[in-house]
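Have a look at the picture first, then read on.

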Amino acid sequence: APRAGKPPSSPTATGPGPGPDALRGGAAGPGRASSGAPRERKMAPHGPGSLTTLVPWAAALLLALGVERALALPEICTQCPGSVQNLSKVALYCKTTRELMLHARCCLNQKGTILGLDLQNCSLEDPGPNFHQALTTVIIDLQANPLKGDLANTFHGFTHLQTLILPQDVNCPGGINAWNTITSYIDNQICQGQKNLCNNTGDPEMCPENGSCVPDGPGLLQCVCADGFHGYKCMRQGSFSLLMFFGILGSTTLSISILLWGTQRRKAKTS
């Protein structure tokens, strides 16, 4: 009997296997020869390293740094609205000195120390409670302000001040004895070159034996005790005993409290 043969299989291609184009999703189209070597695919640049992504990051960083610096300005620099005028003496000093910058009403160095302060035309009757934030200033402009009262005690500690510009009707603190030159103009008065009164005074007995004279601003000075001395006229020798001071203070307070408690209790019993 004739043997049953296998069912005929579907016709298959006997040619070479699929080429690279077929593996990538289809054969080459008409008129396009399929090459055997894979083609290199170029990818569009992306990620944080690209230029389009770095630009917004850099802008945000610069903005944050600018806001931080603005917030870190001393209050005296923003006490008066506006900025330093280009032709003011503070602006000229700041622009002609290296590594100084103008911010609001102040001239600052890179560490944020105030070296110049321009508060002219700010309607100030006095420099204000934040004025001592500018102890390190070299030049201060206060002209065109209705300043009132004596400014002698206003400049305590301003030992670096060399130029002070005031309204024409306001005297330089300390007078002629505190400045090398005082020049009066129609609209202002300039006090120039602060003197060291410790060098100019002719009284050697001004400070006690164990103390020394130290400048404390225009027309001001103070006597500082030498190392190892303290107290009235620097007559006490040795370090100040905090333990003894607080011990005496504590025992005195306790004694007064007990006395008051006993007195109040006696009054409460008799009533």
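The report below covers the chain overall, then its sheet, a hairpin and some disulfides.

This is a predicted model, in which local features need pLDDT of at least 70 and side-chain atom pairs count only at pLDDT 80 or more, while totals for chains, interfaces and linings use all residues. Residues are numbered from 1 along each chain as its sequence is written, and side-chain values use heavy atoms, with hydrogens and water left out.

**The chain overall**

The chain holds five helices and 11 strands; these are DSSP runs numbered from the N terminus, with helices being H or I of at least four residues and strands E of at least two. Of its 271 residues, 25% are buried. Here buried means under 20% relative accessible area, exposed means over 50%, and partly exposed lies in between (1.4 Å probe, protein chains only). The chain exposes about 19200 Å², with carbon and sulfur atoms supplying 59% of it; such areas come from the Shrake-Rupley method with a 1.4 Å probe, and for residues only the protein chains shown count as cover. Contact means heavy atoms within 4.5 Å. Among contacts between residues at least 6 apart in sequence, 35% join residues at least 24 apart.

**The sheet and its helix**

Seven strands make an open sheet in the order β1-β2-β3-β4-β5-β7-β6, with mixed pairing. Two strands pair if DSSP finds at least two bridges between them. The edges belong to β1 (100-103) and β6, each with a single partner strand, so one side of each has no neighbour in the sheet. From one strand to the next, the twist averages 20°. Inside the sheet, β5 and β7 pair in the antiparallel sense over five bridges, and T163 has Q192 of β7 as its bridge partner.

Helix α3 (residues 89-96) packs on this sheet, touching β1, β2 (106-109), β3 (114-118), β4 (139-141), β5 and β7. The direction of α3 makes about 145° with that of β1; axes are lines fitted to C-alpha atoms, for helices over the stretch in contact, and angles run from 0 to 180 degrees between N-to-C directions.

**A hairpin**

Strands β8 and β9 form a hairpin with five residues between them, and G217 in the turn has a positive phi of about 120°. The two strands run antiparallel and are joined by five bridges, β9 covering residues 221-225. V214 stands opposite Q222 in β9.

**Disulfides**

How many disulfides does a search of the whole structure find? The search finds seven, a disulfide being a pair of cysteine sulfur atoms within 2.5 Å.

| Pair | S to S distance | Torsion about the S-S bond |
|---|---|---|
| C172 and C191 | 1.9 Å | -90° |
| C198 and C213 | 1.9 Å | about -75° |
| C225 and C234 | 2.0 Å | about -85° |

The link of C172 and C191 is left-handed. C172 lies in the loop between β5 (163-167) and β6 (179-184) and C191 in strand β7 (residues 188-194), so the pair ties together parts 19 residues apart in sequence. Both C172 and C191 are buried.

The disulfide of C198 and C213 is left-handed. This pair links helix α4 (residues 197-200), which holds C198, to strand β8 (residues 211-215), which holds C213, 15 residues apart. C198 is buried at 19% relative accessibility, whereas C213 is partly exposed at 26%.

The disulfide of C225 and C234 is left-handed too. C225 is partly exposed, with a relative accessible area of 27%, and C234 is buried at 4%.
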